[in-house]
Amino acid sequence: MIRAMTLDVRSIKGLVESDRVHRAVYTDPALFELELDRLFGRAWLLLGHTSQVARPGDFFTARMGRESVVVTRHTDDTIHVLVNRCAHRGSRVCDTVRGHARQLTCPYHGWTYATDGALCAVPLPDGYDRPVVGDPEHALTRVPRVDTYRGFIFASLVPEGPLLDSFLGPLRASFDDLVERAPDGEVEVAGGVLKHVYRGNWKLVLENHNDAVHPAFVHVSSIIAAREQAPAADGAYSDIAVRQMLQNGAPWEVWERTGLWAAPHGHSWMGDYHDDTRLVAALDHPVFAEYRRLLERRLGREGVARVLGELRWNSIVYPSCSFMSQFRQLRIIQPVAVDRTVVHAYSFRLKGAPEQMFRDTIAFANVVNGAASPVLTDDLEVYERAQQALGAGADDWLYLGRGHGGDVADGGGLRRGRTGTSEIHIRNQLAAWLEYMTAE
Amino acid sequence: VRPAEVEELLYREAELLDRGRLADWLALFTDDATYWIPLEAAQTDPFTTASILFDDRRLLEIRVRQFTHPRAHARVPPPRTVHQIGNVRVLEDDGRELRVGSTLVMVEYRQERQRVWGALVEHRLRRTPDGLRIVAKRVDLANADSELDGIVALF
């Protein structure tokens, strides 16, 4: 048993084996600090979407590991990610979640920055032995790498590393899927941000989202409560929520059949397990007829079949994001402490789609991401129970053996779980974790 | 309606929740009732902005049934609550329905942890042959826009 972790490469390598992982990976505060340096301090992290900074001067704040950053659109239309710390005395410059401003002014001594981070005004400018205004040394620190894919804004805290395209690899198709489903070919963040927190390690949520065995157990109470409910008229607000709860109780054959793919850098996605006409646009419910017609104008009949035929449940971009391209939900995962994680959940509007589809998106958001959701609350409860139990060391190892040895190569660096209930995505995440944590 | 009758209903509702009598609590709501915890303080619409909770009668029935399931993990053990209601005011009365504002301070205890919630509450009440019934309940939590952990108590 490891009592006091030593954090040299060799001992870190000893924490992850092909089918098991040491509990310290979830509970050790020193390892967590190292994760902030080596993993969240290096990887491309998803910060948001360009629709949140639609006009020059728009900004929003985000977290990158332990850094608070401001994402801005500058007057020349470029997007900047600025470390939210005044170059003067280190105070946080911006304390607004989102807004619009010509300049950002520090509340402490009034140092004022342009939306590209350049220092443009200070009080008593003659009081310095050389001019500070305009000096790049006194600008807000720019996060070294910023890039977008299909409107999604990513940043990395280090200047070197794989390009965003190569980092995302096959997961680009999940973002393509989300955007291509819009009749106008564009999506926008809309409908508010649902936020939740749990007292557990950040890995627990990413491991859970593509875990096809947990719903039958974790969500049993909402499955049964929904089954015992009399059906309502088709089109009721509660339809979407009830159908989701019922789908969580799909038989094992359905979960086994569902595809589960693991990609380089820890990413993964799960095929969709819904066969519900009201939730899945590809199925033949009349509610989607107008939508398919609008989509067809841009894509043609074959294009629609191709786009709607892409059936993905959660796509995970390790380590910061889990999203549902088909259901227009995106969650950004933020590690706060070794045993504390914050999740922000965004909804997207498909531009040009019938308004009812956005209403369905909101109804779906409430049941999968609301802090009082009958589904989510049980997930949060098991994360917390896992975290508490992992704090004790009578048994140091967690088992990741389901589907181990049965992974199938699927081209383009992809591997597929032998069945949809494989734990391939967890093994894949921990292999990426090991790479980040032990890189020289 | 005498103000005392409105207060009596709100107090009874609180007591049923604090005593865990959820089926009796549900019986206070009309068949077309909604129960809403908005995400945003000025939110006017539960259909185009997400909510911490928005239940129609059907979802409310599912919620109450789930809450009493032996494997509703987040409710094992269930939270204990104490609701304290204040500032009860009848804001509108059109003869058929009333709009009632109140404040709520709720202490919640579960698993060695005690939490205090504060909320501005609005009830829409309907006169029925069985007395006043709840048509809509809106709970604006003071911390609605914060990072919330799972909510399994009813306000």
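Modeller: Let us begin with the word contact, which means heavy atoms within 4.5 Å. With that cut-off, among contacts in chain A between residues at least 6 apart in sequence, 64% join residues at least 24 apart. Please keep in mind that this is a predicted model.

Biologist: What is the share in chain B for residues 24 or more positions apart?

Modeller: In chain B, such residues account for 54% of the contacts with a separation of 6 or more.

Biologist: What makes chain B as compact as a globular protein of its length?

Modeller: Chain B has three helices and six strands, and along the sequence they follow the pattern α-α-β-β-α-β-β-β-β. The globule rule gives 15 Å for 155 residues, and the radius of gyration of chain B is 15 Å, so chain B is as compact as a globular protein of that length.

Biologist: How do you know that the radius of gyration of chain A agrees with a compact globule?

Modeller: For 440 residues a compact globule would have a radius of gyration near 22 Å, and because chain A has 23 Å, the value agrees. The secondary structure of chain A comes to 14 helices and 21 strands, and its C-alpha atoms fill a box of roughly 75 × 60 × 40 Å along the principal axes.

Biologist: Why is Arg328(A) called buried?

Modeller: A residue is buried when its relative accessible area is under 20%; Arg328(A) has 10% relative accessibility, and therefore counts as buried. Arg328(A) sits in the loop between strand 16 and strand 17 (329-337) of chain A, and its phi is near 65 degrees, a positive value in a residue other than glycine.

Biologist: And why is Gln111(B) called partly exposed?

Modeller: The class lies between the buried limit of 20% and the exposed limit of 50%, so Gln111(B), at 44% relative accessibility, counts as partly exposed. Its phi, near 50 degrees, is likewise positive in a residue other than glycine, and Gln111(B) belongs to the loop between strand 4 (97-110) and strand 5 (113-128) of chain B.

Biologist: What makes helix 8 of chain A mostly covered?

Modeller: Helix 8 spans residues 220-227, and six of its eight residues are buried, among them Val220(A), Ile223(A) and Ala226(A). What covers the buried residues includes helix 7 (214-218), helix 9 (239-247) and helix 13 (376-390) of chain A, together with helix 3 (57-67) of chain B.

Biologist: How do you know that Cys94(A) is in no disulfide?

Modeller: The structure holds zero disulfides over all chains. The nearest cysteine sulfur to that of Cys94(A) belongs to Cys106(A) and is 11 Å away, whereas a disulfide needs a pair of cysteine sulfur atoms within 2.5 Å. Cys94(A) is also buried, because its relative accessible area is 6%, and Cys321(A) is buried as well, with 0%.

Methods. Residues are numbered from 1 along each chain as its sequence is written. Chains are lettered from A and ligands numbered from 1 in the order in which they are written. This is a predicted model: local features need pLDDT of at least 70, side-chain atom pairs count only at pLDDT 80 or more; totals for chains, interfaces and linings use all residues. Side-chain values use heavy atoms; hydrogens and water are left out. Helices (H or I, at least four residues) and strands (E, at least two) are DSSP runs, numbered from the N terminus. The radius of gyration is taken over C-alpha atoms; the globule rule is 2.2 Å times the number of residues to the power 0.38. Buried means under 20% relative accessible area, exposed over 50%, partly exposed in between (1.4 Å probe, protein chains only).
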